[in-house]
Amino acid sequence: MKTLEWEDNKLKLIDQTKLPDELTYVWCEDYQDVIVAIRDMIVRGAPAIGVTAGFGMALADIEGVDLDKAAREIKAARPTAVNLFWAVDRVLNSEDPLKEALTMYDEDMATNRAIGKFGAEVIDEGDTILTHCNAGALACVDYGTALGVIRAAHEQGKNINVICDETRPRGQGASLSVWEMQQENIPVKLIPDVASGFLMSQGKIDKVVIGADRIAKGGVVNKVGSFMVALAAKHHDIPFYVAAPYSTFDNEINIYDTVIEERDGDEVRYYGGARICPKGTEVINPAFDITPKELITGIITEKGIIDPI
């Protein structure tokens, strides 16, 4: 299940806004198309955003656009996922933008399988694993980070179960993670976001594995709601793991210096196309939150499992 592919000097993306009902594709023919795809969450997930941004730079180079200008515009598409900035700068500093983007594409798949291999070591026979948002194949080029850990454990023949929370307001857990698990016949159940703490108190969750959009000194930035899950897991002595590649690490800042993206309030006012609150309701809609390192059991990377930085 490849989230993105390079064909005939164009970038082909799964349109994740249409899942789970339709598996359709969007073609990016220039770097502005890539900016729209990232901004509108046609493609999302830190590793996938990064590689997509790399191809956006390659398209700009093919068009003959000034790469410094393209880099500034692509970086502005979404402010929080560090992979976007890492990828743009990597391509900007390369001799051949397209070759570099294609290299990143291949590296992402290998990296995710390595994360899965190391992460599967902490998954035991019979575990029920909670995951938040979508950190699967759809958040990467293929295979996934947090869901890659689950995939690897399943491929090893371990009898596991998965619980996905909805992940409001856009519902990526419900629409994307559940869909991915069903595609591979991995047992999965969906819960409301607010139910995870109760299930932990009932002994129905053994591990938590999430992805990350930025890892820096002091903790991890991930989809909003991760912090509350981590707090509940800590209270119930449930291991809480973060699965992410080293490209998600930001060694330049403290995690609390991260710019947290504030998204359109209509993502909260409407659900499934229906308004769920009175007209004119004011909304606070952060896309991410910060989980401090004290709540994290370990970070699963392509080089092994490490302590939070």
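# Reading a predicted model

Biologist: Asn9 is partly exposed, with a relative accessible area of 41%. Which cut-offs separate buried from exposed?

Modeller: Buried means under 20% relative accessible area, exposed means over 50%, and partly exposed lies in between, with a 1.4 Å probe and protein chains only. This is a predicted model, in which local features need pLDDT of at least 70 and side-chain atom pairs count only at pLDDT 80 or more, whereas totals for chains, interfaces and linings use all residues. Residues are numbered from 1 along each chain as its sequence is written, and side-chain values use heavy atoms, with hydrogens and water left out. Asp8 has a relative accessible area of 71%, so Asp8 is exposed.

Biologist: What is the phi of Asn9?

Modeller: Most residues other than glycine have a negative phi, and most peptide bonds are trans. Asn9 is not a glycine, yet its phi is positive, at about 60°. Asp8, also not a glycine, has a positive phi of about 50°. Asn9 is found in the loop between strand 1 and strand 2, where Asp8 is also placed. Helices (H or I, at least four residues) and strands (E, at least two) are DSSP runs, numbered from the N terminus.

Biologist: Which residues does a cis peptide bond join, with omega about 10°?

Modeller: That bond joins Leu19 and Pro20, and Pro20 lies in the loop between strand 2 and strand 3 (25-28). Another cis peptide bond, with omega about 5°, joins Arg168 and Pro169. Pro169 is placed in the loop between strand 5 (161-165) and helix 7 (172-183).

Biologist: How should helix 5 be read, and what should its 23 residues span?

Modeller: An α-helix has 3.6 residues a turn, so residues three or four places apart point the same way. The expected span of a helix is 1.5 Å times one less than its number of residues. Helix 5 (residues 97-119) should therefore span 33 Å, and its end C-alpha atoms are 32 Å apart, which agrees. Among the buried residues of helix 5 are Ala101, Met104, Tyr105, Asp108 and Met109.

Biologist: Which residues touch the most other members of the largest nonpolar core?

Modeller: A nonpolar core is a set of buried Ala, Val, Leu, Ile, Met, Phe, Trp, Tyr and Cys residues joined through side-chain atoms within 4.5 Å. The largest has 34 residues, of which Leu4, Leu11, Ile38, Phe55, Met57 and Ile74 touch the most other members. Helix 2 gives the most to this core, with 8 residues. Contact means heavy atoms within 4.5 Å; leaving aside neighbours within four places in sequence, the contacts of Ile74 include Tyr31, Ile35 and Met57.
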